[in-house]
Amino acid sequence: MVEVKMEVFKLTTTVNASGHLILDIPTQLSPGPVNIVLVLSSSVASKVQNQNYDFSDLAGRLNWRGNAVAMQRALRDEW
């Protein structure tokens, strides 16, 4: 049976101007081949964000007179 030693790293580093990610991580692993799993995610927040609109300032300010159910039925009939 082969003994498997595993270390998990979580670190923040920088990609250089040429787009290369250079890692220098000291380990306690024995010299020799290793398997590496690397997951990259940007640490910069996405520029596209879902905005939750707050319409509470409009509550009570919309004046519409008419029959809401009749208007809804008319709109449905158009389709």
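Is Glu-7 buried, partly exposed or exposed? Glu-7 is partly exposed, with a relative accessible area of 33%, where buried means under 20%, exposed over 50% and partly exposed in between (1.4 Å probe, protein chains only). The structure is a predicted model, in which local features need pLDDT of at least 70, side-chain atom pairs count only at pLDDT 80 or more, and totals for chains, interfaces and linings use all residues. Residues are numbered from 1 along each chain as its sequence is written, and side-chain values use heavy atoms, with hydrogens and water left out.

**Overall composition**
- The protein contains one helix and zero strands; helices (H or I, at least four residues) and strands (E, at least two) are DSSP runs, numbered from the N terminus.
- Of its 79 residues, 0% count as buried.
- The accessible surface of the protein is about 9,000 Å², and carbon and sulfur atoms account for 54% of it; accessible areas come from the Shrake-Rupley method with a 1.4 Å probe, and for residues only the protein chains shown count as cover.

**Surroundings of Glu-7**
- Glu-7 belongs to the segment before helix 1 (68-78).
- Not counting residues up to four places away in sequence, Glu-7 touches Thr-27, Gln-28 and Leu-29, contact meaning heavy atoms within 4.5 Å.
- Glu-7 and Gln-28 are 21 residues apart in sequence, and their C-alpha atoms are 8.7 Å apart in space.

**Leu-11 and Leu-23**
- Leu-11 is located in the segment before helix 1 and is partly exposed, with a relative accessible area of 44%.
- Leu-23 also lies in the segment before helix 1 and is partly exposed, at 40% relative accessible area.
- Leu-23 touches Leu-11, Thr-13 and Leu-38, leaving aside residues up to four places away in sequence.
- Between Leu-23 and Thr-13, ten residues apart along the chain, the C-alpha separation is 8.2 Å.
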